[in-house]
Amino acid sequence: MDGDSQQDAPWWKRGVIYQVYPRSFQDSDGDGIGDLAGIEQRLDYIAALGVDAVWLSPVFPSPMADFGYDVADYCDIEPMFGSLADFDRLLDQVHARGLKLLLDFVPNHTSDQHPWFVESRSSRTNPKRDWYIWRGAAPGGGPPNNWISDFGGSAWTWDEATEQYYLRAFLPQQPDLNWRNPAVKAAMLGAMRFWLDRGVDGFRIDVLWHIVKAEGLPDNPINPRWKPGRNERDRVLQTHSTDRPEAHLISAEMRALADDYSRGTGRERALIGEIFLPYERLARWYGTPERPQVHLPFNFGLMEHRWDAAVLRKLIAEYEAALPPWGWPNWVVGSHDAPRIAARLGEAQARIAMMLLLTLRGTPTLYQGDELGIGEVDIPPARVQDPRELRQPGIGLGRDPSRTPMAWDDSVSAGFSAAEPWLPLHADWRTRNVAAQDHDAGSMLNLTRTLLSLRKSQAALEIGALRLLDAPPGVLAYERCIDGRALLVLLNLTPEAVTFSWEGTVLLSTLSGEAAPGMVRADEGLILE
Ligand code: ISL
């Protein structure tokens, strides 16, 4: 659980990443959907928040079957979001504020409208046929194997014209690329170069652990723990469809490419891998010092575990223990795919979650809107947009509630758009918005800003070592230390006060009023010196 001794640790270690979901950040042209010019207008807000890097969910041309995660051209900007010129201007403006910009690279699949796939499906003998994964029907008919799409149903789609199935781990409109074909790899690494040449600071790489499938495409093992009514994806274990050794080799090649751009420029380009795996397997995505892979394999542990001090203590210890000595940690509590943290935990504990995220050892990723504490959002059935919800309705898989627009003020559509937004706003947007919270010293927004500025001013929080401490049930306690200086973090994960005799000066409490010596108040988080 070492800290990083280098005071000159790179930005992706010291910094905080802010995820912007472009469709829902700021609309500048009145179509109810956010865009690049809108993001540019709001850059001062992002900079003043105190984060260091912005990760943009996909902004490439897309039919939007999966809201941008179906890319029809890797080297251009979706007209709905703007143009390449708008992008270049945004990037300049990001850099002018001392921030970094990460794009979302989607290598596992393209859109079915991508010219590569249009060619590939045109005939069995087309030169691009092998850019995707085509197979004949199983001997008795039906799909070639038992793989299941993450969105439910078989992972194979029958193509009437050429009488073969193609593999697609997500929607039928998202055919999986064949990364075993060297031409695919060359084209995709070329697309990364296209954006690195324009000056981006790196990528968040979508479903990186999916990109190569086991040779021969064997059936996946049945998951004995799956029950009907649960996510159909989990009916089988993704043993043969994900986490292949060959995908690690590609991840190392992507890293070598990023490192080529970092070398000698004093500007490090960083790669974040979206990978859902148990920690000991997640840790392998760091690679080795000789052959590094991604800088940060996303750690989704806090989203996947029960909100309980003992459970989280064990989780943190296991994560730290699983990291290779050269692996820098990272933490996530929200995203455009996961339920809102305040919806899951309630408002009081969402404040604790923010303190946890911003005081753990490792790079935090903060999801837009979580700094306002946006909670549950009711999406009327007629307004559901998410293909995951539409394909397996009513079992809690919908992602729309986490993708609703940012609320800036109490004007029309919360200042997000002059038009009706593509998704409804959260019900309490008239009071839960940036302008309102700006003036409220106790707001979630101001708590977030204070935590971010404290983190920046305290090297112990940015890069210090972490030591888990014993604490009474309900309280998660740890120390962050650097150069003999230690900060103590006490988080009461329960709605009851817990007796605990702590010492030190209170730097911050998540609650208003005086911290009470001898206890951690109900739903209180404390940072002590
Ligand atoms: O949630 C998951 C892991 O437990 C998976 O279902 C899934 O692999 C994950 O959500 C992947 O998400 C990414 O790729 C998808 C896209 O729909 C998501 O928005 C994106 O974040 C396909 O590109």
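An oxygen atom of the ligand lies 2.5 Å from an N or O atom in the side chain of aspartate 337, a polar contact (a pair of N or O atoms within 3.5 Å). Taken alone, the ligand exposes 510 Å², and the protein buries 92% of that (Shrake-Rupley method, 1.4 Å probe). Please keep in mind that this is a predicted model, where local features need pLDDT of at least 70, side-chain atom pairs count only at pLDDT 80 or more, and totals for chains, interfaces and linings use all residues. Residues are numbered from 1 along each chain as its sequence is written, and side-chain values use heavy atoms, leaving out hydrogens and water.

**Around the ligand**
- Of the 19 residues around the ligand (a heavy atom within 4 Å), Asp66, Asp150, Asp206, Arg233 and Asp337 come nearest.
- The side chains of aspartate 150 and arginine 399 each have an N or O atom 2.9 Å from a ligand oxygen.

**Aromatic pairs**
- There are 24 aromatic pairs, counted when ring centres of Phe, Tyr or Trp (its six-membered ring) lie within 6.5 Å; planes under 30 degrees apart are stacked, over 60 edge-to-face and the rest tilted.
- One of them is the tilted pair of phenylalanine 67 and tryptophan 422, at 5.1 Å centre to centre and 45 degrees between the planes.
- These two partners are 355 residues apart in the chain.

**Charge over a ring**
- The charged end of arginine 23 sits over the ring of tryptophan 422, 4.0 Å from its centre (CZ of Arg or NZ of Lys within 6 Å of the ring centre and within 35 degrees of the ring normal).

Technical notes. Helices (H or I, at least four residues) and strands (E, at least two) are DSSP runs, numbered from the N terminus. A polar contact is a pair of N or O atoms within 3.5 Å; within protein, one must be able to donate a hydrogen and the other to accept it, and residues adjacent in sequence count only if both atoms are side-chain atoms.
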